[in-house]
Amino acid sequence: MTADFSILELVLEASIVVQCILGLLLAASIASWAIIFRKRSALKETEAAAESFEKRFWSGGDLSAIYREVSAHEGTKPGMETMFEAGFREFSRLRKQDADTAFVLEGSRRAMRVSQVREVERLEENLAFLATVGSVSPYVGLFGTVWGIMSAFQALGNVHAATIAMVAPGISEALIATAMGLFAAIPAVVAYNRYSNQVERLETRYDTFADEFSSILQRHVPARTAA
């Protein structure tokens, strides 16, 4: 408890510049943790939804029935369902126009690509903030440290006999800024690396699904257009 109170006293007695830096780093840390928990939940739900849809898709059910089921869902749909819906909708529209086989398939692929890009953008949202906090926070904390040490040594110029006890509080408050910078940066860096890897794996999974779905549609086009 004594250590906690001494740290609090050091922060309260620090210069206004160091206090502003500590406040900025604290705000960045709180925002980072909010993003970390929210992104963790979103990616977990997206992966579970992709797993569930792939099982349903490869169960051998009719594509039209799956499309009707997916279209009936209200609200925001998971990424793979959105890709399937967009691709099959465009496929059905172009097929009714008796369009060329290559044109039908390319239109379906293009619709899926657009849907995939939007989904990846959604998954990557706020990851740049985590990267920024992870890379900038240590330097911001270091700036507070340098400022605190400068203030401590400037205060020594007004005394005749300098002692370590006179310098210690200023150096301590300076080191708190460094510690706060690392406290904000480390979780942000770890979360950014982890979530970026998860997004990349989901994007690869979407690419694979788009290729496999296009191959399935390709087998349907000749018979439909010939009719």
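The paragraphs below lead through salt bridges, a helix pair and a surface patch in this structure. The model is predicted, so local features need pLDDT of at least 70 and side-chain atom pairs count only at pLDDT 80 or more, while totals for chains, interfaces and linings use all residues. Residues are numbered from 1 along each chain as its sequence is written, and side-chain values use heavy atoms, with hydrogens and water left out.

The structure holds ten salt bridges, each being a side-chain nitrogen of Lys or Arg within 4 Å of a carboxyl oxygen of Asp or Glu. In one of them the side chains of Glu51 and Arg205 meet, at 2.6 Å from N to O. Because Glu51 lies in helix H2 (residues 16-57) and Arg205 in helix H7 (residues 164-226), this pair ties together parts that are 154 residues apart in sequence; helices here are DSSP runs (H or I, at least four residues), numbered from the N terminus. Glu51, Glu54 and Arg205 are linked in a network of salt bridges.

Another salt bridge joins Glu85 and Arg89, at 3.2 Å from N to O, and because these residues are four apart in helix H4, they are separated by about one helical turn. Glu85 is buried, with a relative accessible area of 10%, whereas Arg89 is partly exposed at 42% (buried means under 20%, exposed over 50%, partly exposed in between, with a 1.4 Å probe and protein chains only).

Turning to the surface, Tyr139, which is placed in helix H6 (residues 127-156), is exposed, with a relative accessible area of 61%.

Definitions and conventions
Helices (H or I, at least four residues) and strands (E, at least two) are DSSP runs, numbered from the N terminus.
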